[in-house]
There are 4 protein chains.
Amino acid sequence: MAGNSFGKHFQLMTFGESHGEAIGGIIDGIPAGLNIDLQMVHHELSRRKPGQSNLTTPRKENDEVKFLSGLIEKDGQITTLGSPIGFIAYNNDSNSSDYNHLEKAFRPSHADYTYNVKYGVRDHRGGGRSSARETLSRVVAGAFAQQLLEKECKTQISAYVERVHDISMPNPPQFYEKNQIDSSEVRCPNPEIASRMEQKISEIKNEGDSVGGAIVMVAKGVKAGLGEPVFDKLNADLSKALMSLPATKGLEFGSGLSGTLLKGSEHNDEFASSNGKIRTKTNRSGGIQGGISNGEDIVIRLWFKPTSTILQDQNSVDSNGNEIVLGGVGRHDPCVLPRAVPIVEAMVAITLADHYMRNHSSKI
Amino acid sequence: MAGNSFGKHFQLMTFGESHGEAIGGIIDGIPAGLNIDLQMVHHELSRRKPGQSNLTTPRKENDEVKFLSGLIEKDGQITTLGSPIGFIAYNNDSNSSDYNHLEKAFRPSHADYTYNVKYGVRDHRGGGRSSARETLSRVVAGAFAQQLLEKECKTQISAYVERVHDISMPNPPQFYEKNQIDSSEVRCPNPEIASRMEQKISEIKNEGDSVGGAIVMVAKGVKAGLGEPVFDKLNADLSKALMSLPATKGLEFGSGLSGTLLKGSEHNDEFASSNGKIRTKTNRSGGIQGGISNGEDIVIRLWFKPTSTILQDQNSVDSNGNEIVLGGVGRHDPCVLPRAVPIVEAMVAITLADHYMRNHSSKI
Amino acid sequence: MAGNSFGKHFQLMTFGESHGEAIGGIIDGIPAGLNIDLQMVHHELSRRKPGQSNLTTPRKENDEVKFLSGLIEKDGQITTLGSPIGFIAYNNDSNSSDYNHLEKAFRPSHADYTYNVKYGVRDHRGGGRSSARETLSRVVAGAFAQQLLEKECKTQISAYVERVHDISMPNPPQFYEKNQIDSSEVRCPNPEIASRMEQKISEIKNEGDSVGGAIVMVAKGVKAGLGEPVFDKLNADLSKALMSLPATKGLEFGSGLSGTLLKGSEHNDEFASSNGKIRTKTNRSGGIQGGISNGEDIVIRLWFKPTSTILQDQNSVDSNGNEIVLGGVGRHDPCVLPRAVPIVEAMVAITLADHYMRNHSSKI
Amino acid sequence: MAGNSFGKHFQLMTFGESHGEAIGGIIDGIPAGLNIDLQMVHHELSRRKPGQSNLTTPRKENDEVKFLSGLIEKDGQITTLGSPIGFIAYNNDSNSSDYNHLEKAFRPSHADYTYNVKYGVRDHRGGGRSSARETLSRVVAGAFAQQLLEKECKTQISAYVERVHDISMPNPPQFYEKNQIDSSEVRCPNPEIASRMEQKISEIKNEGDSVGGAIVMVAKGVKAGLGEPVFDKLNADLSKALMSLPATKGLEFGSGLSGTLLKGSEHNDEFASSNGKIRTKTNRSGGIQGGISNGEDIVIRLWFKPTSTILQDQNSVDSNGNEIVLGGVGRHDPCVLPRAVPIVEAMVAITLADHYMRNHSSKI
């Protein structure tokens, strides 16, 4: 009942502390015979990598992933064998003594205290298992899932930063191509807003402070019929997937919060028939009705809190209950959202791939 | 891989269509030797029951639950045996012909279309499996979970209606006693706001329309240490539990959306030691840090859309792709929130009970 | 983590004590649109029913199963909806006081002592949850599974009594039609051996004693490719399924025990190609190689101990540790094998159906 | 639904093909704070290692396992963190061209054909995923499980070779210390029988043939109460665990096959009270009653077929359906049993550890 596995059919299990020997994972349940573009996997990893721009932590991480099993080269193509795909990324040699001052300290709004209570023992170096470094493994699995979905049903998943602190895109969520999103370092597809976001993050970084915001994810081309009522509804499983990411505060589907201020007669999505295809005229449902995809775009907004690590003095206590002042030292991510974009896409892809596989047997 | 089970240790599996023979479920994993107050279970069911007030649908449902196994009377007490608890509620004899006009129609923003695509066959009577009637089984399991939590660790869970359409409580989320919440039909603990909400719902009902809003849930006395990183974080599993409820649009933990507009220095919860106990001075984390409960109140806001069933004409299509006009006939719930309160509490209780049991073996 | 569910895709969860209100279960994961012959389900139940012949206990049980959900009548056919199938059989009104003498007693080789240690509380009436009455629910699910397998891939499953005590069929395992097997009360397809077995059971019954033996199961028409290495191999999951039945002592696949006395050169199944189909010339593998079905007959022998309930005095202790003599009173099954035949078929069918569904996505 | 995970609480997921980059796995659910003796883990691996004696294949494998996560050094002790333990063993550089002749061939009684049917693509080098090399990961997890069981409840698990071909130990199963078992290369604790077994294996090896036999496993000190009826009975889960091993043909619990030839009055285990402890006078139940451990020794006999790889010509077909003659070349294990001993112990330990953890919450 340990919690390091995700998915029922397309499964990911991960391991690794931030400053242990290595991190990695196993992907199980991917069908055999799927041609894999490993360059795409590495590209997704580069989008998550720390130090990719001035907006992120300058910390260097080793993001070089090696694949250990489950793949074979046939006729110049890398193909899945149907057996589990093991992968690994070694951690950098890091000087553990850098973290000595945190051995007993509980950093505010981090997982230090709760890990200590739960396990009684803790790897304090860089957050240990609670470090966001574990999301690297999610990006690997997500890249495989995206390739499966793309090949099997032309599903495309893309996410972008919609809001940083109080600077927000003016328009409602829509699908943007990844290259348009990646054209700014902050991963906001609106150049002007992107520029303002980047400036805001720079200011906050200089203050040694941090900010949060919102990411929008749109998946298009999703096959109708995904989702398993009544508990494994597609929106329920997507919520779990996304809320398992570090620093998340909440999420909305489709019309979301604003939709709850409409009346039923204003909110319902009427059906229409066009070219023999049944579609909804509007998409306030966000592509999911009764917990099952209806073929319209899936639209989710996910909120992130300001990063807990800041470079300012904070009051706290240590594991002996003594009150302490934690000084702000080192490096930090003033805003996690730009790097979270590929991670959000990954979790959506894994969840959709899992449901895509589960759906295979819903009818005779 | 079918989706009718919830939980890994404290498990619930449910069955039943709205107008089939019966609905019910099985609770597995509840420890032996727990004394159960069946009156409390029936009371929770009465809080969910349709027709309990003018605010809800006048539809009569049979909510009389019979317990079939897993319990034994010893010394005048009903006690769990450790074996699965089966329970059942027969459906009313209903005139299936009432639903003939819906056999091929897809009601806007209902699950009619998606069930049809997914399964190819559908019980159209009263929504079949997609009916909110299935939440009855969740309330039963939730009542057992609440008794387990109350007995084992004094955890109390209560939810209330914070907002109906644009009428909202003025104060931030806090814990209210259930009797205070239940003192108004709308289940809002602020009498003046409650009265305005009830008036709004009456107006909307007369228009044949519907409204949504927000429910706040606060759990106090939650043992620190619940939650299984990195995928089965407590907030992730609570999100799945709550987003599996019908008509949900999104949710927030702790400071939620408003917290994403603060800087890290404003948002972090500093630790303090008081009477040998480590506590946070503020609770913007909403009782969960790094996916694990920290002993502070768990605070969640859950949003509901306006009910899809309205008594007005709507454009739609049928399963042959013909455009139709669906007339509004029959009875409807103009606002599901008052009845959803015990269901929200139930899902939180089941999730906490599941994690409480899973946590037993986290350390030697 | 409780143990009342079986299967990962085609799932069965059961509930019920022998003398509680009712027993029953939920089948989840059966595909929608499968036409079901309910008469066949009831027929399988009649094959399991106590009191069907002089060879079994004269105890009367209510085996009338009601279906509560998941099925719909369309065009005169009962069809699966894709939603869970709930079912129930009420227990007879039974006089609980019949069991007063067993409230504290631990019957030798029953589950009384172990349930007491594990749960601390126990329903002593008729064995409670440990009663073989729970296998009724397995037969229901097995009947659905057999219909699925028959329809989807012409798989046929049949089992027969090969040995009672020291009376055994002279020939190696082979497939027999069910009507040939059922032509004797003991369910042995060889009339002469059947007659000797029946006489043996009568003698043993008169002694107030009991006997065990062996059941052979052969499944033909099994699709090649079922089984999920490396842990959920088809033989591994079949072993779990069968060894979860009461009174089982062991099992063999294919050549079994005798095969372990051959050399590799004698035991290997050579391949041959006939009419474009690859087949093995012999079937010592019992239809499974490397944990995956190869399309040949699956052949299993399952052993049962003599029933623990006997009508003779036995020494034992009670829950206070006092030594007692348990008198033999009441009714008993001198040999469970004839009634176990449909239960064995059911468990094999459920396991094959589960793997059939899981296999759907093994390759692109 | 892929099959590369085992266990529900103490979980193992493995990856790796015989001649891919590496094999390894993740152990999840092991409690935090358990001191681990890594030397013991490596010792168990050495007992499984090929080439350890003249009786086994001279093939050299790299069995050097590296631990990647989940452990921390505190005060000179290696301790579990409660997070998943990742581990890896790189495969030797091997000359893939050694296997070219097997690329399309189906070796008799191997998994070549079934993998081909199931996945459509196959890593033919050394058996790929179906190679017994994957059992290395089981031995790693089993060593952790044994340390957990030893520490928590003094459980000891040991297995030995009872029979090779037709040479068998004369006495019934009993517990032997590991060092006594390991004193012979064949891992039979009776020196005279061991010597005859070793001679038999040498003869068979010289013939280029192979033999099977039986391994007995005895676990003593097992806590009463392990096992989760009705499907996850301890004997059911042990059966699955053991029958998931390569080359297994069947198994018996307690009195096993010979017990099925007794009458109930001869077979039942009477209870007796001694020194306030309730024990059975005999142990025909093999330590499990009603699917739950009763505190007596768990006794299992597991049968293995003669190894499929032999050094003699065999008829077969290739993947195009052409009939071929497969020559016997290379190296082989004439008898897998001596090396299977630690693997059997590992699977029993993993299953018991899983149930030990699951049992924690069976009663209030």
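**Before you start.** Residues are numbered from 1 along each chain as its sequence is written, while chains are lettered from A and ligands numbered from 1 in the order in which they are written. Because this is a predicted model, local features need pLDDT of at least 70 and side-chain atom pairs count only at pLDDT 80 or more, whereas totals for chains, interfaces and linings use all residues.

**Stop 1: confidence.** The mean for chain A is 94, and 98% of its residues reach 70 or more. For the complex, the predictor gives an ipTM of 0.97 and a pTM of 0.97.

**Stop 2: a sheet in chain A.** Strands here are DSSP runs of E, at least two residues long, and helices are runs of H or I, at least four, numbered from the N terminus. Two strands pair if DSSP finds at least two bridges between them. Select the open sheet of 5 strands in chain A, with the order β1-β2-β3-β7-β4 and antiparallel pairing. At its edges stand β1 (5–6) and β4 (66–67) of chain A, each with a single partner strand, so one side of each is left without a neighbour in the sheet. Now zoom in on Phe67(A): its bridge partner in β7(A) is Phe87(A).

**Stop 3: a covered strand in chain C.** Move to strand β10 (residues 213–220) of chain C, where 7 of the 8 residues are buried (20 or more other C-beta atoms, placed from the backbone, within 10 Å of a residue's own). Strand β8 (residues 156–164) of chain C runs antiparallel to β10(C), joined by 8 bridges; look for Arg163(C) opposite Ala214(C). Strand β16 (residues 298–304) of chain C also pairs with β10(C) in the antiparallel sense, over 7 bridges. There, Ile215(C) has Leu302(C) as its bridge partner.

**Stop 4: where C meets D.** Show both chains: 95 residues of chain C are in contact with 95 residues of chain D (C-beta atoms, placed from the backbone, within 7 Å). Strand β11 (residues 248–253) of chain C pairs with β11 (residues 248–253) of chain D, antiparallel, over 3 bridges. Select Gly250(C) and its bridge partner Glu252(D) to see one spot in this pairing.

Methods:
pLDDT = per-residue confidence, 0-100. Buried ≥ 20, exposed ≤ 12 C-beta atoms within 10 Å, placed from the backbone. Contact = placed C-beta atoms within 7 Å.
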